[in-house]
Amino acid sequence: MSIVNYLKESILKRLIKVEDGRVKMFGKIDYIMFPGVAMAEFLHQIGKDMGEDYLFDLGYKAGLDGANEMIEKLGLFANSIPTNMNIINSMFETLGFGKMNIKVMHSEDGQILLTLVEHPVIEYAKLKYGNKTRVCALYRGIFSIHAEKDLKVKNCKLIETQCVLKGDAFCEWSSNYFKKSKKT
Ligand SMILES: [Zn+2]
């Protein structure tokens with residue numbers, strides 16, 4: 001079935017409708033958001049069954065290929081670190097990984113501090129599960145390996161000190177930044 005026919009049929013069957021200028025599925029889920037919604041539910045369940053550290057490790061391992069690919073395809077080693085930081089920032093935002101703001105970075109000391117907002121999966125998880133979910137641990141793992149490989153931050157294992165899921169304005173992640181870890 002072509003995408004046009006699929007959409008026509010879905011509208012006829014009232015599976016999707018346009019409401020307030022947005023396409024809604026089953027009358028409630030924002031259609032554009034659907035991949036993020038499904039991901040949030042999936043990650044929430046894994047986090048619940050296996051724990052936050054498991055989610056982090058999963059992201060750290062799964063992100064390795066992507067991090068290496070970015071070095072190769074984007075020729076990251078030829079650039080300065082600030083240039084790479086800008087490339088990664090824009091790429092992550094375009095790909096739906098939220099808006100990242102790197103506040104402190106000293107690659108050679110393995111030091112980094114960043115904040116993250118408007119991550120679609122984290123935002124949806126917050127709506128659905130409130131502070132009972134730890135889905136952002138997966139992205140903390142992914143960002144850790146990207147910072148380590150693409151920005152050369154040594155042994156980067158980001159910890160979380162503020163979290164959107166706990167009601168903070170942003171997720172705050174850092175490695176080797178706070179002398180005493182405030183990890184919660
Ligand atoms: Zn968080």
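How many helices and how many strands does the chain have? The chain has six helices and seven strands, where helices (H or I, at least four residues) and strands (E, at least two) are DSSP runs numbered from the N terminus. Good morning, colleagues.

Two remarks on conventions come before the details. This is a predicted model, in which local features need pLDDT of at least 70 and side-chain atom pairs count only at pLDDT 80 or more, while totals for chains, interfaces and linings use all residues. Residues are numbered from 1 along each chain as its sequence is written.

I begin with the chain as a whole. Along the sequence, the elements follow the pattern α-β-β-β-α-α-α-β-β-α-α-β-β. Taken along the principal axes, the C-alpha atoms fill a box of roughly 60 × 35 × 30 Å. There are 184 residues, and 31% of them count as buried. A residue is buried if 20 or more other C-beta atoms lie within 10 Å of its own, exposed if 12 or fewer, and partly exposed in between, with C-beta atoms placed from the backbone. Two residues are in contact if their C-beta atoms, placed from the backbone, lie within 7 Å. Of the contacts with a separation of 6 or more, 57% are between residues 24 or more positions apart.

Just after H1, arginine 14 takes a positive phi of about 60°.

I turn now to the packing of the helices. Axes are lines fitted to C-alpha atoms, for helices over the stretch in contact, and angles run from 0 to 180 degrees between N-to-C directions. Helix H2 (residues 34–50) and helix H3 (residues 52–73) pack at an angle of about 125°, with their axes 7 Å apart. H2 is therefore oblique to H3. As to the wording, angles under 35 degrees count as roughly parallel, over 145 as roughly antiparallel, 65 to 115 as roughly perpendicular, and the rest as oblique. On the H2 side, Leu43, Ile46, Gly47 and Met50 meet Glu52, Tyr54 and Leu55 of H3. By class, this contact of H2 with H3 has five nonpolar, one polar and one charged residues. Here Ala, Val, Leu, Ile, Met, Phe, Trp, Tyr, Cys and Pro count as nonpolar, Asp, Glu, Lys and Arg as charged, and the others, Gly among them, as polar.

H2 also meets helix H5, residues 120–129. Their axes come within 8 Å and cross at roughly 65°, so H2 and H5 are roughly perpendicular to each other. Gly36, Val37, Met39, Ala40, Leu43 and His44 in H2 meet Pro120, Val121, Tyr124, Ala125, Lys128 and Tyr129 in H5. The residues of this contact divide into nine nonpolar, two polar and one charged.

Which order do the strands of the open four-stranded sheet take? The order is S4-S5-S7-S6, with antiparallel pairing; two strands pair if DSSP finds at least two bridges between them. At the edges are strand S4 (99–106) and strand S6 (159–162), each of which pairs on one side only. Neighbouring strands of this sheet are turned by 25° against each other on average, direction ignored.

Strand S5 covers residues 111–117, and seven bridges join S4 to S5. Methionine 100 has leucine 116 in S5 as its bridge partner, and methionine 105 has isoleucine 112. The hairpin of S4 and S5 has four residues between the strands, and in this hairpin glycine 110 takes a positive phi near 70°.

Finally, some loop residues deserve mention. Most residues other than glycine have a negative phi. Glutamate 118, in the loop between S5 and H5, has a positive phi of about 55° although it is not a glycine. With 14 other C-beta atoms within 10 Å, glutamate 118 is partly exposed. Asparagine 155 lies in the loop between helix H6 (136–150) and S6, with a positive phi of about 40°. Is asparagine 155 buried or exposed? Asparagine 155 counts as exposed, because it has 9 C-beta neighbours inside 10 Å.

Lysine 166 is placed in the loop between S6 and strand S7 (171–175). With 14 C-beta neighbours inside 10 Å, lysine 166 counts as partly exposed.
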